[in-house]
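Here is a short report on one model.

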Amino acid sequence: MSSIGPVRFSTRISKPASAAVSIASNATLIALKLAAAAVTGSVAILSEALHSMIDLIASVIAFVSVRRADEPADAEHPYGHEKVESLAASIEGMLILVGAALIVYESVHRLVIGAGVESLGFGIAVIGFSAVANGGVSLFLRRQARRHRSPALAGDAAHLGTDALTSLGVLVGLVLVEATGAAAIDSAVAIVVAIAIVFAGVRILRQSTPALVDEAPPPAEMDRIEESIAQARSGTAEIVGYHQLRARTSGRHRYIDLHVQFRSGTTLERAHALAHQLRDAIESELGDAEVLIHVEPESSRRDPAESPEPYRAG
């Protein structure tokens, strides 16, 4: 997912350690929210506890996935394990939607049967602390996701960011219940929270699914690849063109392949050397990329305008 940004190889916290921070935070918040829900009888706080339980499951999935994704390629997975992170982010998105459905069910049930709330001071304090804690952990994970180009950490950060916002909504609702005595506000706020959670779940699914189906990088990134090819070609007359350029995303890596045509009379050794130079130029421009070049003779060159979709040519 290209929007996550470049990797910086300076001293940094590892991906598993970043995910562990989220696990510790969510475990603490679950205990506090369940206690607050038991004391107050608030369905909004109960919905927040359920949301944090889903957050905890998602954080554990992220923790396992980032460890797995960093394992080197093996005989059964010659392209590595990085798609595990995108899979984990998709699971997080689905868990969010399940949690939203449960919150709506419980809220509507409370509205129908009627239920009071009490001792809201403790609940207000817990939810306020939850909003601050989730907001801080979300910002931390978002920075780590950019540094590591990690879809799983990015999904966890988005998840917790939404949780922080919904906690603020619940906080406002609890204050209104305390001020007005209208217990129905509690359930109404919980339903609004659920709607916000649905939007977050759909967003995470939309961001994580492309890597699972080998979606091409954004057009701007494909343009950078072609610019690298143009710069490499400018210094040699042997390369006469290329076609069938395509790329796919897997975790933070890009896999790129293309066919390059060489002028008649170019030796195989020379074409091989130039192909390696072109490969190195593309990989240097993108970082975290693996390029495969198929060498072809000049006779295979065609008008680039005739290149079929989804390939690029030049």
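## Burial and contacts

Proline 210 counts as buried, at 16% relative accessibility. Buried here means under 20% relative accessible area, exposed means over 50%, and partly exposed lies in between (1.4 Å probe, protein chains only). This is a predicted model: local features need pLDDT of at least 70, side-chain atom pairs count only at pLDDT 80 or more, and totals for chains, interfaces and linings use all residues. Residues are numbered from 1 along each chain as its sequence is written, and side-chain values use heavy atoms, leaving out hydrogens and water.

Proline 210 sits in helix 6 (residues 184-212). Helices (H or I, at least four residues) and strands (E, at least two) are DSSP runs, numbered from the N terminus. The C-alpha atoms of proline 210 and serine 250 are separated by 9.3 Å. Along the chain these two residues are 40 residues apart.

Threonine 236 lies in the loop between helix 7 and strand 1. At 14% relative accessibility, threonine 236 is buried. Leaving aside residues up to four places away in sequence, threonine 236 touches Arg270 and Leu274 (contact: heavy atoms within 4.5 Å).

Three strands form an open sheet, order 1-2-3, with mixed pairing. Two strands pair if DSSP finds at least two bridges between them. Strand 1 (239-250) and strand 3 (289-297) are the edge strands, each pairing on one side only. Strand 2 (residues 253-262) and strand 3 pair in the parallel sense over nine bridges. Arginine 254 has alanine 289 in strand 3 as its bridge partner.

## Salt bridges

The structure holds six salt bridges. The criterion is a side-chain nitrogen of Lys or Arg within 4 Å of a carboxyl oxygen of Asp or Glu. Three of them are listed, including the closest N and O separation.

| Pair | Closest N and O atoms |
|---|---|
| Arginine 254 and glutamate 221 | 2.6 Å |
| Arginine 270 and glutamate 238 | 3.1 Å |
| Arginine 279 and aspartate 280 | 3.0 Å |

Arginine 254 forms a salt bridge with glutamate 221. Arginine 254 lies in strand 2 and glutamate 221 in helix 7, so the pair ties together parts 33 residues apart in sequence. Both arginine 254 and glutamate 221 are buried. By contrast, arginine 270 is partly exposed at 34% relative accessibility, and glutamate 238 is partly exposed at 21%.
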